[in-house]
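Open the model in your viewer and switch to a cartoon view. The tour goes from a sheet to the helices on it, then to a helix pair.

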Amino acid sequence: MKIPLLYGTGTLDVVLPDALDVTVIRKPNMPLVSDPQRETEDCLTSVEELAKGCRTACVLVCDVTRPVPNGLFLRPLIEQLMAAEIDRSNITILIATGLHRPNEGDELASVIDDEWVLNNIQIANHIARDDQAHIDLGETPSGTPVKLDRRFLDADFKVATGLVEPHFMAGWSGGRKVIAPGVAHADTIRTLHNARFIEDPLTRECNLDGNPLHEEQLEILAMVRDHCGSEIYAFNTVIDEARRLAFVNFGEIEDSHNEAAEFADRYCAVSVAKKFDVVVTSAAGFPLDLTYYQAIKGFVTPLEILKEDATLVVASECAEGLGSDSFRASQRMLMLEGPKAFMRRIEKKRLADIDEWETEMQLKATRATRVQLYSEGLRGGDRDLTGVEMVDSLQEAIDDSIARTAEPSVAVIPEGPYVVPRYAA
């Protein structure tokens, strides 16, 4: 049996004996949108009426880490805003980078994916460490400082766009997440990613019910509405394993996001009737597997279906290496202190150090199982800083893991963290 895993911009084949007990875990086939362009344009017809009387508009767009089909909807959305008599010089596309790097040059062009938009509309990157670029709205009831990009808050018409997919902390990406952490100040982001939120068992993929991070993001939405005195809208998309459009909607940000998440949940969360000795998965390929930082999402989502003493084998290209300097520093501290001391230290913090939350998420996996990683992009000292077992041959690692158990049960998740297996005995 040959099974292709998403890897980089292509696939990587794994070969398993036909006689082996293998379960391939995929989304059920999604009902695809028959005419994506027409349905997108139809979906946006209400924008002109909603935007009447507005002088400025800000459209939030996810950064390069999300395969959002921006080329499909940005121009129709902007044309609707212009039809509402908003001058195009008063329309800003703001890349919701959170604490990620700015998207520039060819990378920015790939994110926007529309030459007309690139040449005619002002596009800017959110910079979370720029104090003057944010407005302080105070604190949520639980004490999160809320500072958001003033270009978004000052705009008369506000739209968050994005992809609704499983997210290993916030439950689902998109919607309110494009605002916080997307265009939030570093202090807001560091609070939302502290151990109080991350260690809560309800802070997990495909879960909004009681998820404290999601609930805090909704508190931030409420504060934005109070500050601005106007509604916030969202344009949401869901795609299938082949990155084809399966769902699109537009509306008030919370309701439209919930509708998109309900649709995605029917396909992304997959019930599995048993647990496994060996699970083979990916980090979902480009762009999610550009760095080891992002690849950790593939470590966490399969944990529910692993037996004790199981092995998790992950393939992630990591073409850009480990990730940010902040993440590299966090991984060094993990290596220096060890997992228990690392966790004791960060559990006391109100403001998490930048990117150490991904190290914390990695520990959720390594505490629970043996993790092996195949990556052609990680080299030299970066391999030592992963804190997991690096393997030079994906196939050999799988074969060795299978050989350790007399009658092993094996699961393969080709799409990585975009599919969330749920154990249902």
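Select the open sheet of 6 strands, ordered β6-β5-β4-β9-β12-β13 with mixed pairing. Strands (E, at least two residues) and helices (H or I, at least four) are DSSP runs numbered from the N terminus; two strands pair if DSSP finds at least two bridges between them. At the edges lie β6 (122-125) and β13 (245-252), each pairing on one side only. Neighbouring strands are turned by 20 degrees against each other on average, direction ignored.

This is a predicted model: local features need pLDDT of at least 70, side-chain atom pairs count only at pLDDT 80 or more, and totals for chains, interfaces and linings use all residues. Residues are numbered from 1 along each chain as its sequence is written, and side-chain values use heavy atoms, without hydrogens and water.

Next, pick β5 (residues 91-96). It pairs with β6 in the parallel sense over 4 bridges. Ile93 stands opposite Ile123 in β6.

Contact means heavy atoms within 4.5 Å. Axes are lines fitted to C-alpha atoms, for helices over the stretch in contact, and angles run from 0 to 180 degrees between N-to-C directions.

Move to α14 (residues 325-337) and α15 (residues 339-346). Their axes come within 6 Å and cross at roughly 120 degrees. Show Ser330, Met333, Leu334 and Glu337 of α14 against Pro339, Ala341, Phe342 and Arg345 of α15: these make the contact.
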